[in-house]
Amino acid sequence: MKQLLDFLPLVIFFAVYKLFDIYVASGALIAATALQLIVTYALYKKIEKMHLVTFVMVTFFGTLTLVFHDDAFIKWKVTVVYALFAIALAVSQFINKPILKSMLGKELVVEDRIWAHVTWYWVTFFIACALVNIYVAFSLSQETWVNFKVFGLTALTLLNTVVTVIYLFKHMPEEQKNELTKK
């Protein structure tokens with residue numbers, strides 16, 4: 001259910017874009033992201049920081065897109081969000097409070113150096129996605145960018161999540177691996 005809620009704004013953005021245009025889709029994205037926060041809070045009595053940051057960015061850049069009737073703003077939102085994620089991960093690693101370890105460290109026990117590798121891997125991934133988004137958004141058609149944003153970036157993120165889980169699993173203590181494979 002939670003994963004479905006995470007993808008709901010993206011699905012709505014894509015569907016509305018296909019039916020109307022980027023401006024109506026941007027408005028729908030703002031509304032869908034707000035709805036996501038409300039439903040998440042109603043179900044879990046908690047809102048994750050990532051969802052809150054995403055909502056603020058969607059609202060800010062989506063509103064600019066609508067007010068100025070310029071799709072460049074919504075295209076920049078993707079790059080800014082990825083850059084913020086990269087910065088947050090890098091800063092958390094520098095101050096020795098890695099975000100990924102704090103989120104997953106209770107379930108997945110690995111050495112700190114492994115968490116550092118994973119953190120820097122995701123920093124690099126987010127920076128690469130931010131840069132590729134700039135290229136696709138401003139060098140290719142709007143249709144290509146929407147498809148890239150919805151399918152390309154989503155697929156890349158899912159693939160990198162799988163690669164991360166495999167890497168973490170590889171570095172787990174044998175007893176924890178055995179416990180996880182029995183479930």
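Predicted model: local features only at pLDDT ≥ 70, side-chain atom pairs only at ≥ 80, totals over all residues.

Trainee: Which residues does UniProt list as "transmembrane region"?

Mentor: The UniProt entry, which is unreviewed, lists residues 20-44, 51-68, 74-95, 115-138 and 150-169 under that name.

Trainee: What do residues 20-44 and 51-68 look like in the model?

Mentor: Residues 20-44 are 92% helix and 0% strand, with their end C-alpha atoms 33 Å apart, while residues 51-68 are 100% helix and 0% strand, with end C-alpha atoms lying 25 Å apart.

Trainee: Switching to packing, how do α4 and α6 sit against each other?

Mentor: Helix α4, residues 72-94, packs against helix α6, residues 112-139, at an angle of about 165°, and their axes are 9 Å apart. An angle over 145 degrees counts as roughly antiparallel, and therefore α4 and α6 are roughly antiparallel to each other. The residues of this contact divide into 22 nonpolar, four polar and one charged.

Trainee: What about α4 and α7, how do their axes cross?

Mentor: The axes of α4 and α7 cross at roughly 25° and come within 11 Å, which makes α4 roughly parallel to α7.

Trainee: And which hand does the crossing of α4 with α7 have, left or right?

Mentor: The crossing in which α4 passes α7 is left-handed, and α4 passes α6 in a left-handed crossing as well.

Trainee: New topic: what volume does the largest pocket have, and which residues lie nearest its centre?

Mentor: The largest pocket has a volume of about 2000 Å³, and of the 47 residues that line this pocket, Asp 6, Glu 48, Met 50, His 51 and Phe 85 lie nearest its centre.

Trainee: Which elements give two or more residues to that lining?

Mentor: Those elements are α1 (2-19), α2 (22-44), α3 (49-68), α4, α5 (99-104), α6 and α7 (142-170), and the largest share, nine residues, comes from α7.

Trainee: How do the lining residues divide by type?

Mentor: The lining of the largest pocket divides into 29 nonpolar, 10 polar and eight charged residues.

Technical notes
Residues numbered from 1 in each chain as written. Heavy atoms only, no water. Axes fitted to C-alpha atoms, helices over the stretch in contact; angles between N-to-C directions. Helix = DSSP H or I, 4+ residues; strand = E, 2+ residues; numbered from the N terminus. Parallel < 35°, antiparallel > 145°, perpendicular 65-115°, else oblique. Left-handed = near helix turned anticlockwise from the far one by under 90°. Nonpolar A, V, L, I, M, F, W, Y, C, P; charged D, E, K, R; others polar. UniProt positions renumbered as here; feature names shortened; annotations may be inferred. 1 Å grid on protein atoms, 1.4 Å probe; cavity = no way out; pocket = protein on both sides within 12 Å on 5 of 7 lines; lining within 4 Å. Points joined across faces, edges and corners; volume = space filled by probe spheres on them.
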